Amino acid sequence: MKINELLLNRESPRSFDSNYIISNEDILTITEAMRLSPSAYGLLSWRTLVIKRSSKFREELLPLFYNQKNVTEASAIVLIIVSEFDKLIEKDIPQYVSLMDDNTSDRVKNYEKRMLSDINYAKVDPYYVNWTSKEAFIAMGASLAVAEELGIDLCPIDGVNKKKIKEYLFENKLIEANEKFGSSVILGKRNIDVPKKKKIRLDKKEFTKIHD
Ligand SMILES: Cc1cc2nc3c(=O)[nH]c(=O)nc-3n(C[C@H](O)[C@H](O)[C@H](O)COP(=O)(O)O)c2cc1C
């Protein structure tokens with residue numbers, strides 16, 4: 001099926017089959033789409049943490065997701081963990097540079113300096129608050145069609161207590177101090193007893209205006 005058809009067919013279920021168990025293979029196919037997503041400067045500024053229904057962390061996380069019905073029923077929650085500015089500076093940039101082919105060249109050294117200077121600027125500019133969290137949405141977007149292609153239902157979940165989730169993940173040693181919760185998606189099979197909801201979108205003509 002073409003990607004636009006997959007996007008047309010998919011929905012964010014409000015209710016999931018609470019008995020369905022997603023395979024790790026399917027989870028990894030979906031998180032691979034997130035890994036391949038573009039990011040500013042190509043920095044490796046996010047990773048994923050998957051909390052399956054059987055995980056010991058799930059029960060304690062649910063209230064931080066406001067006990068949303070679909071979250072409690074889904075087979076897995078994929079948390080997109082993003083870097084704070086300090087991690088970008090201290091770890092992500094050096095790591096990215098080390099993976100470049102010509103990393104001892106003046107060109108790469110200058111590029112590294114430019115990234116550091118830009119990110120140090122972004123750190124203090126309110127416009128860039130939550131910069132890396134915004135990038136998490138790119139990962140989320142990339143995963144939508146891949147899940148649908150696999151026959152897995154996915155719902156983006158961002159209506160959560162982000163501050164408390166960050167604290168919980170840190171207290172439980174699931175993230176570092178310089179990381180935070182970016183956003184999340186839940187995976188599983190939709191509850192077939194609940195009819196699909198109507199797809200509501202802006203009219204195509206209103207949505208895109210092309211000026212030739
Ligand atoms: C950034 C973002 C945050 C969202 N947060 C939630 C959420 O917390 N809970 C939920 O049930 N759905 C959430 N959704 C799903 C939207 O409600 C859903 O995408 C929208 O109603 C359109 O429906 P569709 O995806 O089925 O086409 C979120 C979607 C996005 C993109």
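Student: Which strand gives the most to the shell around the ligand?

Tutor: Keep in mind that this is a predicted model. The residues around the ligand include Cys155, Pro156 and Ile157. Strand 3 covers residues 153-157. With three residues, the element that gives the most to the shell is strand 3.

Student: Is tyrosine 66 buried, partly exposed or exposed?

Tutor: Tyrosine 66 lies in the loop between helix 3 (58-61) and helix 4 (69-73). Its phi is positive, about 55 degrees, although it is not a glycine. Because tyrosine 66 has 11 C-beta neighbours inside 10 Å, it counts as exposed.

Student: And tyrosine 41, is it buried, partly exposed or exposed?

Tutor: Tyrosine 41 sits in the loop between helix 2 (24-35) and strand 1 (46-52), and has a positive phi of about 65 degrees. Because it has 17 C-beta neighbours inside 10 Å, tyrosine 41 counts as partly exposed.

Student: Which residues touch the most other members of the largest nonpolar core?

Tutor: Nonpolar side chains tend to be buried together in soluble globular proteins. The largest nonpolar core here has 36 residues. Those touching the most other members are Ala76, Ile77, Ile80, Val185, Ile186 and Leu187.

Key: Residues numbered from 1 in each chain as written. Predicted model: local features only at pLDDT ≥ 70, side-chain atom pairs only at ≥ 80, totals over all residues. Near = placed C-beta within 6 Å. Helix = DSSP H or I, 4+ residues; strand = E, 2+ residues; numbered from the N terminus. Buried ≥ 20, exposed ≤ 12 C-beta atoms within 10 Å, placed from the backbone. Core = buried A, V, L, I, M, F, W, Y, C linked by C-beta atoms within 7 Å.
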